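Here are my notes for you, written as a walk through the fold.

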Amino acid sequence: GRFTLTVTDLGAAGALTAMAGAFNLESSSESEGRYEKVGEVDGRMTTEEYDTGARRGEYSVLVADRFLVQAEGEGVSIEELKAAVRSVGFSQLEQLAQGD
């Protein structure tokens, strides 16, 4: 399997996403071995999409209402994608956001 891990500075656009979280935007759907979830985990907005048959998916976390940390790949489990995202230092990104 393989995956790509990215960190994107959303700047002001991240605040809009955070506003959606303030309105408790949560959803989930499942169909034919695929699912999508949007919600809050540990106080951060997350999105999760995974196709169990293809072993392909994407997991992302919005950190400090500014940085989007995302892993997407194929031939990997959703847990591997989550672990890749968690391997990024969220606390360091939060400190960077506070420095602005």
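The points below go from confidence to the sheet, then to the helices and the charged pairs.

1. **What you are looking at.** This is a predicted model, in which local features need pLDDT of at least 70 and side-chain atom pairs count only at pLDDT 80 or more, while totals for chains, interfaces and linings use all residues. Residues are numbered from 1 along each chain as its sequence is written, and side-chain values use heavy atoms, with hydrogens and water left out.

2. The score to know is pLDDT, the predictor's confidence in each residue, from 0 to 100. The chain averages 87, and 85% of the residues score at least 70. Helix α1 (residues 12-22) has the lowest confidence, with a mean of 58, while α2 has the highest, at 97. Where pLDDT is low, the predicted coordinates should not be read in detail.

3. **The sheet.** Helices (H or I, at least four residues) and strands (E, at least two) are DSSP runs, numbered from the N terminus. Six strands make an open sheet, ordered β1-β6-β5-β4-β3-β2, with antiparallel pairing; two strands pair if DSSP finds at least two bridges between them. At the edges stand β1 and β2 (27-31), each with a single partner strand, so one side of each has no neighbour in the sheet.

4. **Strand β4 and its neighbours.** On one side, β3 (residues 34-41) joins β4 through eight bridges, running antiparallel. On the other, β4 pairs with β5 over six bridges, also in the antiparallel sense. Six of the eight β4 residues are buried (under 20% relative accessible area; exposed is over 50%, partly exposed in between, with a 1.4 Å probe and protein chains only). That is why β4 is largely enclosed by the rest of the structure.

5. The hairpin of β3 and β4 has two residues between the strands, and Asp-42 in the turn takes a positive phi of about 55 degrees. The hairpin of β4 and β5 has four residues between its strands, and there Arg-55 has a positive phi near 50 degrees.

6. **Helix α2.** Which residues of α2 are buried? They are Ile-78, Leu-81, Lys-82, Ala-84 and Val-85. These cover an arc of only 160 degrees around the axis (taken from the directions from the helix axis to the C-beta atoms), so they sit on the same side of α2. The buried residues of α2 pack against β1, β3, β4, β5, β6 and α3 (90-98), where contact means heavy atoms within 4.5 Å.

7. **Salt bridges.** Side chains of opposite charge can pair when their charged atoms come close. A salt bridge here is a side-chain nitrogen of Lys or Arg within 4 Å of a carboxyl oxygen of Asp or Glu, and the structure holds six of them. One joins Arg-66 and Asp-9, at 2.7 Å from N to O. This pair links distant parts of the chain, 57 residues apart: Arg-66 is in the loop between β5 (56-63) and β6 (67-74), and Asp-9 is in strand β1 (residues 2-9). Arg-66 is buried, at 17% relative accessible area, whereas Asp-9 is partly exposed, at 42%.

8. **From α2 to the sheet.** Lys-82 and Glu-48 meet in a salt bridge at 3.4 Å, N to O. Lys-82 lies in helix α2 (residues 78-86) and Glu-48 in strand β4 (residues 44-51), so the pair ties together parts 34 residues apart in sequence. Are these two buried or exposed? Lys-82 is buried, with a relative accessible area of 16%, and Glu-48 is buried too, at 8%. Glu-48, Glu-79 and Lys-82 are linked in a network of salt bridges.

9. **One more pair on α2.** Glu-80 forms a salt bridge with Arg-55, with the closest N and O atoms 4.0 Å apart. Glu-80 is in helix α2 and Arg-55 in the loop between β4 and β5, 25 residues apart. Both count as partly exposed: Glu-80 at 40% relative accessibility, and Arg-55 at 37%.
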